[in-house]
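Please look through the sequence and the picture first, and then read the points below alongside them.

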Amino acid sequence: MSRPASPPAADRADGSPVRIGALAPLTRPGWAEAGHHLHAGLELAVSEVNDADGIVGRPLELVVRDTAADPQRAAAAVDELAGLGVAAVAGEYHSVVARAAATRADAVGLPFLCSSAVLDTLTEQPTDWVARLSPPQSRGWQVYADFLLGAGHTRIAVATQPSVYWTSGTRILRDHLAPRGGTVIELDMSALTPRAVCDALVGHRATALLLLVGHPEPAVPIVRSVRRDQRLAEIMIGAPAGQPEFAEWTTLLGDDGAGIPFLRYLPERFSPLGARVGAALRERLAEAPSFVAFEGYDTVAVLADVLRSHGPDRRRMAESWARVAVEGTRGQIRFTRTPGISVWQWAGPPVQVVDRDPAEPDRFRILRTV
């Protein structure tokens, strides 16, 4: 690799902080609830690292920047953080935003550990500067497609909006379902009202509707409209992107938000570490932690291990992904080169299909685990 190394100041063993940049959508139009969970996980891990003597005696410090789901803002934040001398950048939830951050991190030679974004193509060319904890979209959404088939759904409608993320998701579903007898019907939400979606579902004889749209708009109005249409009493609503994961979903939709299967990235049973961290996150968030909070914690756990082993030199950090072996909250984390994925990828994150129990919407039911 030919990128510049870290600024000389980063190598000083004088007790000054080792700084990590953190990207998260903390305000609208970003998914702020996801961003706050991500931030809570990052912060908890930093506090535990510092309670355990930091990075060889130096405190670890987060330098947080709000992306607000804006790719240009994220790219600018990477430039700013690089100039501030951070050893690496961590975080982000929105896939399109993470792609902009990854592209810029690769260009300026700054290690980026992506916490939660799943879009397969984070960079156009293979790079050693970027690694990722969340599974690629192709893996998770194929698991979801298999769940649909197992539940007997072959005529599947997707309510979608223009976005590289939703387009990619639609393609993954179609490519996986078509050879197995499934049909994907696209409903363009830039041209349809929620009521028109109901009419289209009836006309196409769809048995499942997937929400490939933003939250809360237009996802919440679509759910309300479908739930109230007697013609669609038997249709399954699904949300592979995970909209029902957060408490706001139930606040907005109540019982209407239950029984909507979605993807999340948690194990069926937590290890002692996962259980301890889960309890600490619950206390910090004053609510049940989402999988995104665990992803944030694991991100710092990995970076702290790399920093202890290789120091804060950016080039050495980027060259170390292949040697990572860290016990995370959701399993042993190791990075590999995965076909079709341009970044270093944790190949083993757990994938679940879950929903909120209609009898108790605050409780999750595990429908499928891989």
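This is a predicted model: local features need pLDDT of at least 70, side-chain atom pairs count only at pLDDT 80 or more; totals for chains, interfaces and linings use all residues.

**A strand and its two partners**

Strand S1 (residues 18–24) and strand S2 (residues 60–66) pair in the parallel sense, and seven bridges hold between them.

**Helix H3 and what it packs against**

- Helix H3 (residues 95–108) is made of 14 residues, and the distance from its first C-alpha to its last is 20 Å, close to the 20 Å expected at 1.5 Å a residue.
- Which residues of H3 are buried? They are Ser95, Val97, Ala98, Ala100, Ala101, Ala102, Ala105 and Asp106.
- In an α-helix there are 3.6 residues a turn, so residues three or four places apart point the same way.
- The buried residues of H3 pack against several elements, among them S1, which was described above, and helix H2 (71–83); strand S4 (112–114), strand S5 (130–132) and helix H5 (164–177) are also packed against by these residues.
- Directly after H3 comes Gly109, and the phi of Gly109 is positive, near 75°.

**Aromatic rings**

- The count of aromatic pairs in the model comes to nine.
- In one of these pairs, the ring centres of Tyr165 and Trp166 are 4.9 Å apart and the planes stand at 55°, so the pair is classed as tilted.
- Both members of this pair are buried, Tyr165 with a relative accessible area of 13% and Trp166 with a relative accessibility of 10%.
- The rings of Phe262 and Phe364 have centres 5.9 Å apart and planes at 75°, so this pair is edge-to-face.
- This second pair links distant parts of the chain, because Phe262 belongs to strand S10 (residues 262–264) and Phe364 to strand S16 (residues 360–369), which places the two residues 102 apart.
- Is Phe262 buried or exposed? At 0% relative accessibility Phe262 counts as buried, whereas Phe364, at 22%, counts as partly exposed.
- The ring of Phe364 has a further neighbour, for the charged end of Arg264 sits over this ring, 5.0 Å from its centre.
- Elsewhere, ring pairs link Trp31, Tyr93 and Phe246 into a cluster.

**Thr250 and its contacts**

- Thr250 lies in helix H8 (residues 247–253) and is buried, with a relative accessible area of 17%.
- With its neighbours within four places in sequence left aside, Thr250 is in contact with Arg356, Pro361 and Asp362.
- Thr250 and Phe335 are 85 residues apart along the chain, and their C-alpha atoms are separated by 35 Å.

Definitions and conventions
Residues are numbered from 1 along each chain as its sequence is written. Side-chain values use heavy atoms; hydrogens and water are left out. Two strands pair if DSSP finds at least two bridges between them. Helices (H or I, at least four residues) and strands (E, at least two) are DSSP runs, numbered from the N terminus. Rings of Phe, Tyr and Trp (its six-membered ring) pair if their centres lie within 6.5 Å; planes under 30 degrees apart count as stacked, over 60 as edge-to-face and the rest as tilted. Buried means under 20% relative accessible area, exposed over 50%, partly exposed in between (1.4 Å probe, protein chains only). A charge sits over a ring if NZ of Lys or CZ of Arg is within 6 Å of the ring centre and within 35 degrees of the ring normal. The expected span of a helix is 1.5 Å times one less than its number of residues. Contact means heavy atoms within 4.5 Å.
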